[in-house]
Amino acid sequence: MKKYKALAILSLLVPLTSCDIFVGTSSTPSPTSPTTSPDSTVIGDAKLEITSGLEVHLNVGQDFQIQAKATNTTDKIVYSIENEIERTYVTVSDTGLVKALKAGVANILVSCGILNKTVKVTVDPEASFELTVSSKSLKVGETASLTVSTSANYSYFVKGNSKCVSISGNVLTAKREGTAEIYAKLANGSEVSNTVVISISDFVSNPYLSIDEDEFYSDYYTATSYKDAQYRTEANLMSGDIDEQDQAPTINSNRPIDGDKYVKNSTNLYNSNKTAYTVVDSDGNEVKTIYKGGAYATLEDVAAYIHAFADIPSNYTESKSAKPTSSPWGKWLRLNNSFFSGSTTNYPYEPELPDISGVGNGQTKYYEIDIGTTGTDCDPKYDAVDYNNGSKITRGAARIVYTRTDLNGNELTDFSKRHVFYTYNHYNDFQEYLNYYNGWGEMFGNVTGGGTLSSKEDYNPTPYVPVSFRSLI
């Protein structure tokens with residue numbers, strides 16, 4: 001696969017709108033929705049979920065089935081169009097089947113008792129010339145030829161997920177897995193073509209081996225599949241978020257709670273062969289997917305990875321002294337996958353973690369790894385500087401401490417006994433990862449209890465705070 005030079009050039013032409021323009025053609029999106037993850041409304045235990053997307057584009061004469069699901073309610077799902085003018089653009093049946101009548105925008109209210117969501121349907125103008133594509137099914141790295149039935153000046157447009165493809169001249173290149181909607185529009189803006197839906201899957205070969213690292217990160221997006229993550233790892237490139245990591249976790253402002261206990265999500269969303277793990281938010285909606293064997297660096301991604309796979313991401317090493325200049329991971333190298341004793345005898349200021357070996361009758365071995373932050377300033381022993389600047393690693397005081405195996409080296413299959421904890425003041429205090437995005441439990445430990453940081457004389461670690469283990473889905 002060629003480098004992303006064409007995409008880099010085209011990016012200069014992309015306006016900040018919902019529709020991305022590439023070189024010369026016209027407009028009209030298809031009956032597919034750009035929103036693929038479910039959207040829902042929750043009141044109490046009742047939930048209304050739209051899984052077919054909240055924005056839909058149709059051509060005149062096309063149909064679209066709204067997919068809606070209600071749970072924990074006996075009310076019937078009702079579909080309606082309340083605006084009289086909008087009813088001239090589309091119709092909707094009692095079962096949610098939408099029919100496009102003429103160009104315009106209609107808002108379809110999907111209601112179930114007191115729950116409701118709105119689906120926006122745009123009916124595009126009828127095509128005045130034809131767009132054809134040599135192949136509608138591509139693998140990442142493959143190309144297709146675009147042809148239009150007009151001699152006038154035109155531009156190509158991509159609706160929805162524009163990063164799936166790039167277009168140079170009349171050649172479309174598949175960039176990542178997904179679906180792209182391509183159409184053309186005359187330069188005078190008065191006429192549009194039909195829309196062609198391009199489906200992109202898998203890879204022909206590893207596209208990252210010939211890509212310059214700076215070029216890759218200048219147009220960065222997270223991995224889109226297990227194979228994508230594997231190919232990136234082969235090229236020592238990241239799969240997860242690459243935002244800077246502050247020392248303190250970002251905490252959901254609406255953490256579910258049962259009585260006085262925060263909820264730890266008990267549902268684990270894997271794909272069929274457990275190479276992909278879906279992270280949800282506190283309402284159970286999908287947020288992102290983490291891939292086994294990928295490279296991850298942010299606190300949220302690493303915590304989810306360890307929870308899901310009981311192992312470390314590919315850019316981590318057991319060494320505590322490896323240098324970024326001698327590693328192909330460079331600034332993304334992370335250190336220290338090592339045994340964590342948790343000895344409250346040697347370190348009385350540390351709180352006792354659940355069932356930890358070496359303390360009482362603990363039956364679980366814990367390990368620790370570094371989390372690279374922009375600096376930990378809560379412990380004067382550690383410089384508050386970037387963890388890895390590409391030349392040097394300054395380890396700081398941030399760690400994840402997690403359950404690794406039982407005493408016999410067996411993986412813990414009971415997720416109620418798996419724990420991922422985060423500390424950014426060098427084991428004085430911890431918070432538990434609650435298995436949802438920005439889900440972190442109540443802090444416990446020495447400073448929380450009023451003790452002096454890392455003091456073996458003035459210490460008062462508060463105990464582990466139990467959680468309520470149940471599903472958020």
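This is a predicted model: local features need pLDDT of at least 70, side-chain atom pairs count only at pLDDT 80 or more; totals for chains, interfaces and linings use all residues.
**Entry 1: charges and overall numbers**

I started with the charges: the mean positions of the 40 positive and 56 negative charges of the protein lie 4 Å apart. For this I counted Lys and Arg as positive and Asp and Glu as negative, leaving out His and the chain ends. Each charge was placed at NZ of Lys, CZ of Arg, CG of Asp or CD of Glu.

Residues are numbered from 1 along each chain as its sequence is written, and side-chain values use heavy atoms, with hydrogens and water left out.

Next I looked up the extent: the C-alpha trace spans about 80 × 55 × 35 Å along its principal axes. I found four helices and 31 strands, taken as DSSP runs numbered from the N terminus (helices H or I, at least four residues; strands E, at least two). Of the 473 residues, 50% count as buried; buried means under 20% relative accessible area, exposed over 50%, and partly exposed in between, with a 1.4 Å probe and protein chains only.

**Entry 2: the cores**

Which residues have the most contacts inside the largest nonpolar core? They are Val-165, Leu-172, Ile-182, Ile-198, Tyr-208 and Met-238, in a core of 41 residues. A nonpolar core here is a set of buried Ala, Val, Leu, Ile, Met, Phe, Trp, Tyr and Cys residues joined through side-chain atoms within 4.5 Å. A second, separate core has 27 residues, including Ile-290, Tyr-316, Tyr-402 and Trp-440.

I then went back to Leu-172.

Leu-138 has Ile-200 of strand 19 as its bridge partner. Strand 18 (residues 178–186) runs antiparallel to strand 19, and five bridges join them. Here Ala-180 stands opposite Ile-198.

Asp-202 is also in strand 19, and I noted its positive phi, near 45 degrees, in a residue other than glycine. Asp-202 is partly exposed, with a relative accessible area of 25%.

**Entry 3: helix 4**

How many residues of helix 4 are buried? For helix 4 (residues 299–309), I get 11 of 11. The buried residues include Leu-299, Glu-300, His-307 and Phe-309. They pack against strand 22 (269–270), strand 23 (276–280), strand 24 (286–291), strand 26 (364–370), strand 27 (399–406) and strand 28 (420–423). Ala-310 follows helix 4 with a positive phi, near 50 degrees.

I found another positive phi at His-426, near 55 degrees. His-426 sits in the loop between strand 28 and strand 29 (429–432), and counts as buried at 16% relative accessibility.

Lastly, I checked an open sheet of three strands, with the order 20-21-31 and mixed pairing. Strand 20 (257–258) and strand 31 (468–470) are at the edges with a single partner strand each, so one side of each has no neighbour in the sheet. Strand 20 pairs with strand 21 (residues 261–265) in the antiparallel sense over two bridges, and Asp-258 has Lys-261 of strand 21 as its bridge partner.

Terms used:
Two strands pair if DSSP finds at least two bridges between them. Contact means heavy atoms within 4.5 Å.
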